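Open the model in your viewer and keep the selection tool ready.

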Amino acid sequence: MTTVDFHKFKAEGKKISMITCYDSTFAKIIDQTDIDCILIGDSASMVMHGESTTIPAKMEWMEEHTRSVRNGTQKYIVSDMPFLTTRKGIQYATECAGRLLVNGANCVKIEGVFGQEDVIGHLVMSGIPVMSHLGLTPQFYQAFGGHKMQGKTEEAAEKIIEEAKKAEELGCCSVVLECIPAALAERITKAISIPTIGIGAGVNCDGQVLVLHDMLGMSGFKPRFVRQYLDGLNLIKNALNSYASDVHTGDFPKGDEIK
């Protein structure tokens with residue numbers, strides 16, 4: 001997959017499958033699957049570093065996770081721009097985006113459009129593909145009063161629609177729509193020529209993204225929009241308990257396992 005394929009997928013009516021990833025071990029597994037592209041989200045702050053929000057995500061973390069994932073896959077990679085990196089001026093934003101591409105990203109994701117049109121436009125014109133992120137943008141959760149569904153009123157819906165159109169106008173390759181009403185996501189999907197990738201935004205988006213550890217049942221976090229494809233938490237716990245039991249009873253290792 002390449003950046004131009006986002007438009008091609010939408011034109012051909014082909015859905016885009018995206019999954020988060022943060023390390024080379026999982027990246028190697030994903031590389032052998034039918035997943036279209038990978039998001040190295042600032043959700044790494046919560047999934048990999050134990051923080052309660054995405055706000056603490058550091059630029060250095062995103063670089064390390066990007067390089068680690070790239071070492072394990074040839075898939076198309078989108079990396080998140082951490083909190084405030086696009087709000088400190090064009091020069092700083094360009095430097096940060098460039099660092100992500102140098103470490104293996106194909107594209108950067110930026111939360112919100114309004115107020116940073118100059119940054120998005122400059123990155124696109126500099127040859128740095130940009131994916132927009134609208135609706136529930138976790139970096140704005142303080143302003144939202146928590147992680148709440150967005151776009152529920154007509155006024156709020158119209159703002160998100162206008163932002164999506166502006167993202168298209170600025171040259172973004174696609175738009176993530178998070179936690180907005182399904183009907184609004186469908187309106188946006190029909191209103192713009194670039195694909196929409198939903199998370200908690202209904203089935204009528206041009207693609208879907210989920211957090212890997214959520215869909216594998218490893219995180220213990222299961223909002224309504226997540227479909228759990230594996231009971232990973234219990235599978236891993238059972239494997240670890242079996243190992244511990246074998247060690248405690250002297251059943252592991254056996255002679256033929258240490259030759």
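Which residues lie nearest the centre of the largest pocket? Select Pro138, Glu178, Ile199, Phe221 and Phe225, which are among the 32 residues that line it. Helix H3 (44-47) and strands E4 (107-111), E6 (174-178) and E8 (207-210) each give two or more residues to this lining. A pocket here is an open set of points on a 1 Å grid over the protein atoms alone, where a 1.4 Å probe fits, with protein on both sides within 12 Å along at least five of seven lines; lining residues have an atom within 4 Å of a point. Helices (at least four residues) and strands (at least two) are DSSP runs.

This is a predicted model: local features need pLDDT of at least 70, side-chain atom pairs count only at pLDDT 80 or more, and totals for chains, interfaces and linings use all residues. Numbering starts from 1 along each chain as its sequence is written, and side-chain values use heavy atoms, without hydrogens and water.

Next, select Gln208, Val209, Leu210, Arg227 and Tyr229. Of the 20 residues lining the second largest pocket, these are the closest to its centre. Strands E1 (16-20) and E8 each supply at least two lining residues.

Finish on Leu177. Its contacts (heavy atoms within 4.5 Å) include Leu134, Ile188 and Cys205, not counting residues up to four places away in sequence.
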